[in-house]
Each structure stands twice: as C-alpha cells, then as structure tokens.
Amino acid sequence: MKVNGLRWWVVGLVALAAVINYIDRQAFGALWPDIANDLFPEMDKDGHKAIYGTISTVFILSYAGGQALFGKIFDWIGTRIGFALSIGVWSIATFLHAFAQGMLTFSIFRSILGIAEAGNWPGAAKANAEWFPTKERALAQGIFNSGAAIGGIVAYPVIGLLSAYFDWKAIFIVVAALGFLWLLPWLFIVKGDPKSHPWLSDEEKQYILSGQKNQDIDNDGTYDDGYSPNTGELLKRKESWGVIIASSAIDPIWWLFIVWIPIYLSEVFGLNIKEIAFSAWVPYVGAMIGAISGGLIAKNRLNAGWSVDKTRKMTITLGCLIMIPCFFLLRAPGTAINAVIIMAVLLFGFQVAIGNIQTLPSDLYSGKIVGTLSGFAGMGAKLGAAGLTILVTFVTTGGNYTPAFLIGGALAIIALSAVWFLIPKVHPLKEK
C-alpha cells in the first residue's frame, strides 16, 4: 500500500500531539482557582499565586531537563518510539494529577509531566528534518507550532465546559485519556523514516530526500551525511550558541503568557473561571495564524529564490518587530478585551519568529545531530522560562504586570541579536 502525501500525515499527527500536550498542561492553570480554594482555603490570592508560581517553576525546570534528555533519546531510538515514550509517560503523569493532595504531590506529578512533555519539541524538530525538504521545513514547523496554539485555543473552553459537569480531579483523568488514544494512529501510520517506510511512494521519497540538499554533502540523495559533530564539537560552534541563546531568550515569552494569562485576567480584571475560559483562548488564535504565516512566508521566499540565510533572518526579524511594541501596549491595555487582542498580535509575531528559529538546527547540521542541538536549545529555553516564571511571582505583587512585560520586550531584542551576530550565515556547516 502506498500513501500519497504521507509526510503531511506525519506532521499532522505531531501537531495533534502538540494540541494534546497543551490541553494537558493548560488544565492546571485553568483549574487553579478551584484547586487553590479546595486545597489551600486558608490562604489569600498572593499566597495562592506563590504556590502556583512554585509548582509552575518546578514543571518548567523539569521540562528543561527533559528537553536535553529527550533530544538524546530521539537521536538514539528514533522518532516513532521516541514520541510513543514521551506521550505515554506524560499521559500517565496527567492522570496522577487527580490524586494530588498539596504542593509536594502536585510538584512531583508536574515534574514527571514536564520531563515527558519536553520530548514533543526535539521530536518535532527531528521529524521535520527527516520528513521534509528544506523549502518546506518552516511550513512543517509552523503546522506543528499551530498545534500548540490550537491546544491553547481549545484548552480553556474545553476545561470550562468540563468544569460544569466534573470536579477538577475528574477533569485531569479525562484529558489524560486523550494521549493514550493518540498512540493508536501514531504507531499504525508511522512505521519508519522516509528511507524505510513501506507506505511511502517512490515519488514522494525522492522529493523528500532530494530536497534535503543542505545536508546532502555528497549528492547521494540522503539527508543525514552532512556535518554531524559530537556533543563537545557541537557546543564549540558559535552558530550552535546562536540557536541556544535565541531559543533561551524567545521561548520564555511564550511561557510568560501560557503560565500567567489566567492569573493575569483574574487578578487585573477580576474575571472568574468561566470568563477566563471563554477569553483566554483569544491570544492563541493569533499564535495559530502566526505559526502558519511564518512557514508560508519562508516557503514563499525560498521558492522566489531567496537564500536560506536571508529568508530565516528576515522572517525572524519580522516576528520580533511585531512583538516589541505590543509589550509596551500591554502596560495599559484598558480592558480585558483590549489585553487579549494585543496578546493575540504579540503571539502572532512570536510564532512567525519561533518557527524559523526552530528550523535552524536542521539548516546548520546533519539530521543525526538535530535532536541533540534542539534538545540543548530547548533546555536553555525552559531554564529561561523557569527563571522568568519565578521572577514574575515577585515583580507582579499587587497586580502590577508592567515589569514582566518590559522584560518580555528585552528578551525579544536579545533573541534577534543572537541570530544576527552569532550566526553570520545560515547554511550547512562543515568541519573546521
């Protein structure tokens, strides 16, 4: 049996995994007011926020370690089994949330969730490098990133709807089931990489492998014979640090919003759980559109004859220039509606930039080392996000979020600078 367009089925399943990933992680923030009142009834809002920030930081730190760990795991055992391991473990961790009794048990279960969920991103980068030619990678990454945005869009309304019928414990059990269901089509459809998959047509196989010219040094039609340094050599290249620093600076911006949107809307505008559920999804619409747009812009420019270097840098710069003024507008948005609309524009710019930053490892190195570099970049990103999360807990005391937004604008500038100054030219590197 041959399936035309099999690569799009693969990226579709990876994007669906991202949707489930975000429903699982966002459930905690959406349900936090109920959890806090149930488990910590004696505390005030600042006390609840401190516990929430602590548990969220534990999650992100675990996520950081999981990025590096799963980057290696995907390079060792491959995309198919790597994804099955990642989503299987994180679904178990989500299920265990229903049995949490306080900050310690929530921290333990969130830590397991963070380690396992981290596999989604280096796994996506590796799947992208395996299954797509260079000119389609930003689009494929955009489709994957749109899965994260769609997860953010549907998570709050889904949780809000479920909260009308179930308590917070039952809701964690329901969302955990989604991950287990995803395993069925993944293991059935993804039987191997493009070189060995029995369903892949010869035409599509040739299209994929011949289009990976940035990694086809000897012109034999295979993607994985380019520069594949060991870990020590990888970390000696300034281009690697350009990827790591850019990721470490820009990714915390996303976490600033996915962690704090519900708390921000509750604290600043007085929204309750149902009002949050039906407004907090709006910024993710902008993110979804930005994820696809960033990929389409890159594909369009590459098809028009632009170099990979010019395309990546132009698109990343465009995304950052959209974000920066939005941070200043958020200092005084006026109303909750204005705030979520500004956030939507900001996250549009974020996704335009991040999708192209995430393709840089496969632009620079052989597919054999893409998962490792993506894992290191992801670890740095989540360490930055953890630091920002705990910092926001202190700098927003009394409901003043202006310092947090100013930090976000500075991070966008740092990410842009890392790409321009540490990666002089985005092209396949060679051994020195």
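**Helix packing and enclosed space**

Mentor: Helix H1 crosses helix H6 in a right-handed sense (the near helix is turned clockwise from the far one by less than a right angle). H1 covers residues 6-39 and H6 residues 134-163, and they pack at about 35° with axes 7 Å apart (axes are fitted to C-alpha atoms over the stretch in contact, with angles from 0 to 180 degrees between N-to-C directions). The residues of this contact comprise 21 nonpolar, 4 polar and 2 charged (Ala, Val, Leu, Ile, Met, Phe, Trp, Tyr, Cys and Pro are nonpolar, Asp, Glu, Lys and Arg charged, the others, Gly among them, polar). Helices are DSSP runs of H or I with at least four residues, numbered from the N terminus.

The model is predicted, with local features needing pLDDT of at least 70, side-chain atom pairs pLDDT 80 or more, and totals for chains, interfaces and linings using all residues. Residues are numbered from 1 along each chain, and side-chain values use heavy atoms, without hydrogens or water.

H1 also contributes to the largest pocket, where H1, H2 (45-77) and H10 each supply at least two lining residues. This pocket holds about 300 Å³ of space. Its lining has 13 residues, with Trp32, Pro33, Lys45, His48 and Ser266 nearest the centre. By class, the pocket lining divides into 7 nonpolar, 3 polar and 3 charged residues. On a 1 Å grid, a pocket is an open set of points with protein on both sides within 12 Å along at least five of seven lines, a cavity is a set where a 1.4 Å probe fits but cannot get out, and lining residues have an atom within 4 Å of a point.

The model contains 6 cavities of 30 Å³ or more. The largest cavity has a volume of about 180 Å³. It is lined by 17 residues, of which Ser247, Gln358, Ser374, Ala377 and Gly378 are closest to its centre. H5 (120-131), H10 (238-269), H14 (336-357) and H16 (367-395) each give at least two residues to this lining, and the largest share, 5 residues, is from H16. The cavity lining consists of 9 nonpolar, 6 polar and 2 charged residues.

Of these helices, H14 has 17 of its 22 residues buried (under 20% relative accessible area, 1.4 Å probe). H14 reaches 31 Å from first to last C-alpha, close to the expected 32 Å. In H5 lies alanine 129, which is buried at a relative accessible area of 1%. Alanine 129 and glycine 371 are separated by 242 residues in sequence, and their C-alpha atoms are 9.2 Å apart.

Technical notes: Points joined across faces, edges and corners; volume = space filled by probe spheres on them. Expected span 1.5 Å × (residues − 1). Buried < 20%, exposed > 50% of the residue type's maximum accessible area, 1.4 Å probe, protein only.
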